Amino acid sequence: MLSPVDVPLTPPAAPPPRDAFGRAIGYLRVSLTDRCNFRCVYCMPAAGLSWLPRAELLTDAEVVEAVRQLAGLGLRRVRLSGGEPTLRPGLARIVAGVAAVPGVEEVALSTNGVRFLQDPGLAPRLAAAGLTRVNLSADSLRPDRVRAIARRDLGFDAVAGARAAEAAGLAPVKLNVVVVRGVNDDEVGDFARLTLRHPWHVRFIELMPVGELAAWDAVAGDGGEATADPLRRVVPSAEVLARASDALAAAGGLAVAGDGPVGNGPAAYYRAPGAPGTVGVITPMSHTYCGACNRVRLTADGRLRPCLFDAGAVDLRGPLRRGEALAPHVARALAAKPREHHLLAPALSPLRRAGGLRALSEVGG
Ligand code: SAM
Ligand code: SF4
């Protein structure tokens with residue numbers, strides 16, 4: 001019989017590693033593909049981008065191995081993103097592999113949700129594989145506008161997508177709405193009212209001026225100034241919250257429901273009295289989160305990018321394929337994580353401000 005001192009113990013999980021500014025980095029976003037079945041006007045050019053050759057993508061096993069080694073260094077929460085991660089044939093296999101990694105506490109997915117409606121078995125399969133929850137991109141509740149923003153007619157319906165995720169147990173569902181002035185800002189109230197009927201978290205995201213901007217004019221139908229001044233399309237979160245609260249006035253308006261997790265989305269959540277769902281704002285433009293940043297990103301071709309808007313990245317694919325330990329390479333990436341991004345620096349060109357990023361789809365958003 002084992003005495004208490006002989007009982008084998010699971011080794012204590014490593015604490016999240018810290019970067020040069022003392023920020024604890026426990027959150028990993030993994031892009032599984034740079035491809036997408038949508039061409040959202042604020043994200044990708046209509047013609048797409050120059051896609052990565054397949055041989056350059058991490059394989060399913062390499063993604064899981066990268067997560068295993070990063071979890072060994074203290075990363076705890078993983079979000080799978082893209083491009084559109086549901087286009088990846090091995091997604092359920094990857095979810096299962098990542099969920100089984102010791103130390104990983106959460107495996108979440110960011111998706112446009114189209115495949116949940118095209119393949120009703122997908123959400124249940126992902127849930128069975130160990131997916132914990134889903135963020136759905138949902139920029140409009142009007143079918144004609146969904147088609148105009150996504151520049152694809154794939155029958156997407158945000159409410160049906162959220163219901164499919166919820167029915168599979170992938171809750172709480174978060175709906176991410178990128179608010180673009182003149183394009184969908186008149187739907188803030190409609191999205192906010194969903195929280196009166198559903199336990200969903202509607203998060204309004206301030207548009208980030210990254211990538212091709214000219215196409216917004218075609219959707220908004222309001223002239224050609226966007227290319228010259230893309231910032232005029234940004235709707236500050238204070239304005240969004242005021243509109244949401246007005247829309248919920250009959251239900252008592254919005255009151256603060258609690259602080260959000262630091263560096264992980266909205267700083268605060270709001271709720272109408274008695275409503276099952278909440279409203280939040282993600283404010284990369286009016287308030288940066290850099291001081292509390294807790295994340296790094298792994299691109300589909302295996303580069304560890306310590307900051308969304310900084311071109312610096314460390315290759316992990318080479319070391320993975322050579323069977324080397326990733327720890328020194330991860331340490332290099334963390335040491336290079338900048339104090340803050342320069343997205344709001346007016347003196348720089350738009351591409352420099354975005355750290356050379358042509359689209360958020362390149363790094364998983
Ligand atoms: N395809 C998936 C989706 O749409 O959820 C995952 C990848 S997408 C790049 C991740 C997130 O980035 C989405 O919520 C999307 O709305 C957001 N996004 C993309 N371009 C953006 C921009 N220019 N400004 C703000 N958010 C953006
Ligand atoms: Fe695709 Fe997501 Fe970008 Fe839209 S936001 S084009 S769904 S990657």
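In strand E8, Tyr270 is the bridge partner of Val256. Helices (H or I, at least four residues) and strands (E, at least two) are DSSP runs, numbered from the N terminus. This is a predicted model, in which local features need pLDDT of at least 70 and side-chain atom pairs count only at pLDDT 80 or more, while totals for chains, interfaces and linings use all residues. Residues are numbered from 1 along each chain as its sequence is written, chains are lettered from A and ligands numbered from 1 in the order in which they are written, and side-chain values use heavy atoms, with hydrogens and water left out.

**Antiparallel strands**

- Two strands pair if DSSP finds at least two bridges between them.
- E8 also pairs with strand E9 (residues 278-282), in the antiparallel sense, over two bridges.
- Tyr270 stands opposite Val279 in E9.
- E8 and E9 form a hairpin with six residues between them. Gly274 in the turn has a positive phi of about 80 degrees.

- E1 (residues 27-31) is mostly covered, with five of its five residues buried. Buried means under 20% relative accessible area, exposed over 50%, partly exposed in between (1.4 Å probe, protein chains only).
- In a regular strand the side chains alternate between the two faces of the sheet.
- Tyr27, Arg29 and Ser31 on one side of E1 are buried, as are Leu28 and Val30 on the other.
- E1 runs parallel to E2 (residues 77-81), joined by five bridges. Val30 has Leu80 as its bridge partner in E2.
- E1 also runs parallel to E10 (residues 295-298), joined by four bridges. Here Leu28 is partnered by Val296.
- E1, helix H1 (residues 60-72) and E2 make a right-handed β-α-β unit. Right-handed means that, with the strands pointing away from the viewer, the path from the first strand over the helix to the second runs clockwise.

**Salt bridges**

- The structure holds 19 salt bridges. Each is a side-chain nitrogen of Lys or Arg within 4 Å of a carboxyl oxygen of Asp or Glu.
- Arg93 and Asp60 meet in one of them (2.9 Å, N to O). The pair links distant parts of the chain, with Arg93 in helix H2 (residues 91-99) and Asp60 in H1, 33 residues apart. Arg93 is exposed at 58% relative accessible area, whereas Asp60 is buried at 18%.
- Arg76 forms a salt bridge with Glu105, the closest N and O atoms being 3.9 Å apart. These two lie 29 residues apart in the chain. Arg76 is buried at 10%, but Glu105 is exposed at 59%.
- Asp186 and Arg142 form another salt bridge (3.8 Å, N to O). They are 44 residues apart. Asp186 is partly exposed at 42%, and Arg142 is partly exposed at 32%. Salt bridges that share partners join Arg142, Arg145, Asp186 and Glu187 into one network.

**Backbone and ligand**

- A cis peptide bond joins Ala171 and Pro172, with omega about 0 degrees. Pro172 lies in the loop between helix H6 (158-167) and strand E5 (174-179).
- Arg151 is not a glycine, yet its phi is positive, about 50 degrees. Arg151 is partly exposed at 23% relative accessibility.
- Ligand 2 is surrounded by Cys36, Phe38, Cys40, Cys43, Gly83, Asn112 and Ser361. A residue counts here if one of its heavy atoms lies within 4 Å.
- This shell has four nonpolar, three polar and no charged residues. Ala, Val, Leu, Ile, Met, Phe, Trp, Tyr, Cys and Pro count as nonpolar, Asp, Glu, Lys and Arg as charged, and the others, Gly among them, as polar.
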